[in-house]
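Please open the model in your viewer and keep the selection panel at hand. The stops below are meant to be followed in order, each with something to select.

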Amino acid sequence: MQKGTLRPDSVLLIRLDAIGDFVLWLDAAQATVKHYKAQGKSVVLVANAAWAEWAKELAIFDDVIALDRRKYEQEPLYRFRLGRRIRKLKCSIAVQPTYSREFFWGDAVVRISGASERIGSAGDNSNISPWQKRISDRWYTRLISATPAPCMELVRNAEFIRGLGEISFLAKAPNLRAMSTLRKGESFLAAMQQDQRYYVLFPGASWDGRQWPVASFVQIAARLYHETGWHGVICGGNVDRQLAEDICGLSRAPLMNWAGRTDLPQLAAILSEAQLLLTNETSAVHIAAAAGVPTVCILGGGHYGRFMPYLVEQTDGRSLPYAITHQMPCFGCNWHCIYTRSNGVPVPCIDRITEEEVWNAISTILRPVTGTFSCRTSH
């Protein structure tokens, strides 16, 4: 191959948003890869480093390049080297399917890719200013139109796939069990008694204003143990360790603190065998949904309707997350809360969700026999 010649058999796929976004995109990602494989092309993914290793394990893509967002923003040498690596791939097609595009990350990678065909979503202005979008729109050779009305992310992803040409593609929840070995790790298995049923609490969130109170998680843990005898496992990232310790310290129910002790595949495996997940609106909701695990989600109004509650165009009978909300007229605020709150206190739409409402939601999927959960779908 002569220097500068692009490879017509190579596609660069770019996805740099958060873990939950990645999980919601998994079904559409497989469809994208299948679309280009049918044309005899290989597909390389440029992925957020937060989940890039997991993407490799899922073996959907021919290769995965991790992009550390902090380094890419703050370290010019890192940005230069990564850009050079991407350009050396000589991909003839670059695809950036994110609806809420970002000027300095996804759009910038499309620009440096050197691809002759650059496809993206027409998108919105959630993560980009109007003047930035006017500039970066010109970096694409084709922008796939998107419905301007609010739209659930699974449907939004399906809209993009249909725009690529797969017109029969329908939005459905990803099926993690069909694409993953779901390894737990020896340390977790050793800590659990054989055949011990358990549920998972995920009390953290990306912002403390979105976190349901610790005392409320403690009360639900007590009721779950009293009603079912199940043990609880608290999961989360490193930043959630203290939060998990606080819940363990206040609770008389048997709880194991696994916050910060798992990578993403291990977290997915732990969730996949749980009887129930109770969580704030985090990536755990989407991982559990992809594993078909009954889930109750404490849902605020910041992004209401976009990531939760789930809306699908096709169902396979697996459980979808059950969202508990306190409806307020300010829903859709993009987490720019209009109310003043004290440090450590959730925003009103979270704080006003009661323990009884959450327990009633759990009870709707709790069978009165043998302490097992049903897989009812809730919308």
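Predicted model: local features only at pLDDT ≥ 70, side-chain atom pairs only at ≥ 80, totals over all residues.

Residues are numbered from 1 along each chain as its sequence is written, and side-chain values use heavy atoms, with hydrogens and water left out.

**Helix pairs**

Two packed helices are described by the angle between their axes and the distance between the axes. Here the axes are lines fitted to C-alpha atoms, for helices over the stretch in contact, with angles from 0 to 180 degrees between N-to-C directions; helices (H or I, at least four residues) and strands (E, at least two) are DSSP runs numbered from the N terminus.

Select residues 19-37, helix α1, together with residues 283-290, helix α12: their axes come within 8 Å and cross at roughly 25°. The two helices are therefore roughly parallel to each other, given that angles under 35 degrees count as roughly parallel, over 145 as roughly antiparallel, 65 to 115 as roughly perpendicular and the rest as oblique. Show the side chains next, and Ile19, Gly20, Val23 and Leu24 of α1 are found meeting Ser283, His286, Ile287 and Ala290 of α12, where contact means heavy atoms within 4.5 Å. The residues of this contact divide into five nonpolar, three polar and no charged, with Ala, Val, Leu, Ile, Met, Phe, Trp, Tyr, Cys and Pro counted as nonpolar, Asp, Glu, Lys and Arg as charged, and the others, Gly among them, as polar.

Move on to α9 (residues 214-228) and α10 (residues 241-250), which pack at an angle of about 50° with their axes 9 Å apart, and which are therefore oblique to each other. Val214, Phe217 and Val218 of α9 make the contact with Leu243, Asp246, Ile247 and Leu250 of α10; by class, that contact has six nonpolar residues, no polar and one charged.

The next pair is α5 (residues 103-112) and α6 (residues 130-137), packed at an angle of about 10° with axes 11 Å apart, which makes α5 roughly parallel to α6. Phe103, Phe104 and Asp107 in α5 meet Gln132, Ile135 and Ser136 in α6.

**Backbone details**

Most residues other than glycine have a negative phi, and most peptide bonds are trans. Select Ala59, in the loop between α2 (52-58) and β3 (63-67): although not a glycine, Ala59 has a positive phi of about 60°. Then go to Pro309, in the loop between β11 (295-298) and β12 (322-324), where the peptide bond from Met308 to Pro309 is cis, with omega near -10°.

On a 1 Å grid over the protein atoms alone, a cavity is a set of points where a 1.4 Å probe fits but cannot get out, and a pocket is an open set with protein on both sides within 12 Å along at least five of seven lines; lining residues have an atom within 4 Å of a point. Grid points are joined across faces, edges and corners, and a volume is the space filled by probe spheres set on the points.

The second largest pocket has a volume of about 320 Å³. To centre the view there, select Gln196, Tyr198, Glu273, Ala274 and Gln275, the closest to its centre of the 20 lining residues.

For the last stop, select Cys330, Cys333, Cys337, Tyr339 and Cys349: which space do they surround? The largest cavity has a volume of about 90 Å³, and these are the closest to its centre of its 14 lining residues.
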